[in-house]
Amino acid sequence: GALIGRPLAKRWSGATVLRGMMVLVSLTFLACAWPLSVSWFFAWRMLSGVAGGVIMVLVASVILPHVSATRRGLASGAIFLGLGLGVAASASLVPWLLEKGLPQTWLGLAALALLLT
């Protein structure tokens, strides 16, 4: 994902690519709620990882040009704080969702990802 982020952003706008990848991640979580086979699950998780890599590479380059030079340090910190908080939030949410069942966990993550998109 990290390797294809720049080529995608050259073809389409960075914001469009980010939105598309965020929707794709949401859809991959949804697809994982119905694991039809190991290869099905592997393919969707791989696609999610690629989309996540694209997001990680493009997010700063899409946001920072819209921030004044004096505030870019703060904005950069906020971007990575948001990423870290997302990881921490999902790590806290997953055990609670797992109590409801594995499909419900994937559906909950899909709903949250789509809501944040």
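## Terms and model

Axes are lines fitted to C-alpha atoms, for helices over the stretch in contact, and angles run from 0 to 180 degrees between N-to-C directions. Helices are DSSP runs (H or I, at least four residues), numbered from the N terminus.

This is a predicted model: local features need pLDDT of at least 70, side-chain atom pairs count only at pLDDT 80 or more, and totals for chains, interfaces and linings use all residues. Residues are numbered from 1 along each chain as its sequence is written, and side-chain values use heavy atoms, without hydrogens or water.

## Where α4 meets α5

Take α4 (residues 72-98) and α5 (residues 102-116). Their axes come within 8 Å and cross at roughly 140°.

Contact means heavy atoms within 4.5 Å. From α4, the residues L93, V94, L97 and L98 meet L102, Q104, T105, G108, L109 and L112 of α5. By class, this contact has seven nonpolar, three polar and no charged residues.

## The nonpolar cores

A nonpolar core is a set of buried Ala, Val, Leu, Ile, Met, Phe, Trp, Tyr and Cys residues joined through side-chain atoms within 4.5 Å. Buried means under 20% relative accessible area (1.4 Å probe, protein chains only).

The largest core has 19 residues; V17, M21, F29, V54, L58 and W106 touch the most other members. Helices α1 (5-11), α2 (14-32), α3 (38-63) and α5 each supply at least two of its residues. The largest share, six residues, comes from α2.

Beyond its neighbours within four places in sequence, V17 contacts L8, A9, W12, V54 and L58. Another core, of five residues, lies apart and includes V59, L64, V67 and I79.

Definitions and conventions. Ala, Val, Leu, Ile, Met, Phe, Trp, Tyr, Cys and Pro count as nonpolar, Asp, Glu, Lys and Arg as charged, and the others, Gly among them, as polar. Buried means under 20% relative accessible area, exposed over 50%, partly exposed in between (1.4 Å probe, protein chains only).
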